[in-house]
Amino acid sequence: MVNVPKERKTYCKGEKCGKHTLHKVTQYKAGKASNFAQGKRRYDNKQKGYGGQTKPIFHKKAKTTKKITLRLECKDCKTKKQLCIKRTKHFELGEKKKVSGGY
């Protein structure tokens, strides 16, 4: 279980900053795949007509975790950068620690 704070002070290499500033932390999420990217157009063209599946479909998934990528946005100059952290099954962003015992 990885718990990352919603804000962190780290180096910003934007033109305005060039120093350590406060950054807003969010989890990176891939955008919607475009239908007009060259690979997708080529794949769709190849799939057309008779002949069934033309390219291999990957089934032998070995990994049970994903590498987490953080998206850091500078609060001063709004420059964004990405930071990759280790593999983890459970990832939380700025949640309070759970108290065991309940006192």
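At 31% relative accessibility, aspartate 44 counts as partly exposed, a class lying between buried (under 20% relative accessible area) and exposed (over 50%), with a 1.4 Å probe and protein chains only. Its salt-bridge partner is lysine 40, with the closest N and O atoms 3.1 Å apart; a salt bridge requires a side-chain nitrogen of Lys or Arg within 4 Å of a carboxyl oxygen of Asp or Glu. Lysine 40 is also partly exposed, at 32% relative accessibility. Because the two residues are four apart in helix H1, about one helical turn separates lysine 40 from aspartate 44. Helices (H or I, at least four residues) and strands (E, at least two) are DSSP runs, numbered from the N terminus.

## Basis of the model

This is a predicted model, in which local features need pLDDT of at least 70 and side-chain atom pairs count only at pLDDT 80 or more, while totals for chains, interfaces and linings use all residues. Residues are numbered from 1 along each chain as its sequence is written, and side-chain values use heavy atoms, with hydrogens and water left out.

## The four-stranded sheet

Four strands form an open sheet in the order E2-E3-E4-E5, with antiparallel pairing; two strands pair if DSSP finds at least two bridges between them. Strands E2 (7-12) and E5 (80-88) stand at the edges with a single partner strand each, so one side of each has no neighbour in the sheet. From one strand to the next, the twist averages 45°, where axes are lines fitted to C-alpha atoms, for helices over the stretch in contact, and angles run from 0 to 180 degrees between N-to-C directions.

E2 is joined to strand E3 (residues 19-27) by six bridges, and threonine 10 stands opposite threonine 21 in E3. These two strands form a hairpin with six residues between them, and glycine 18 in the turn has a positive phi of about 70°. Five bridges connect E3 to E4, with threonine 26 opposite arginine 71 in E4. Between E4 (residues 66-74) and E5 there are seven bridges; lysine 67 has arginine 87 in E5 as its bridge partner.

Two salt bridges are found in the whole structure. One of them pairs lysine 75 with glutamate 7, the closest N and O atoms being 2.3 Å apart. This pair links distant parts of the chain, 68 residues apart: lysine 75 lies in the loop between E4 and E5, and glutamate 7 in strand E2. Lysine 75 is partly exposed, with a relative accessible area of 37%, and glutamate 7 is partly exposed at 39% relative accessibility.

Threonine 64 lies in the loop between helix H1 (38-47) and E4 and counts as exposed at 62% relative accessibility.
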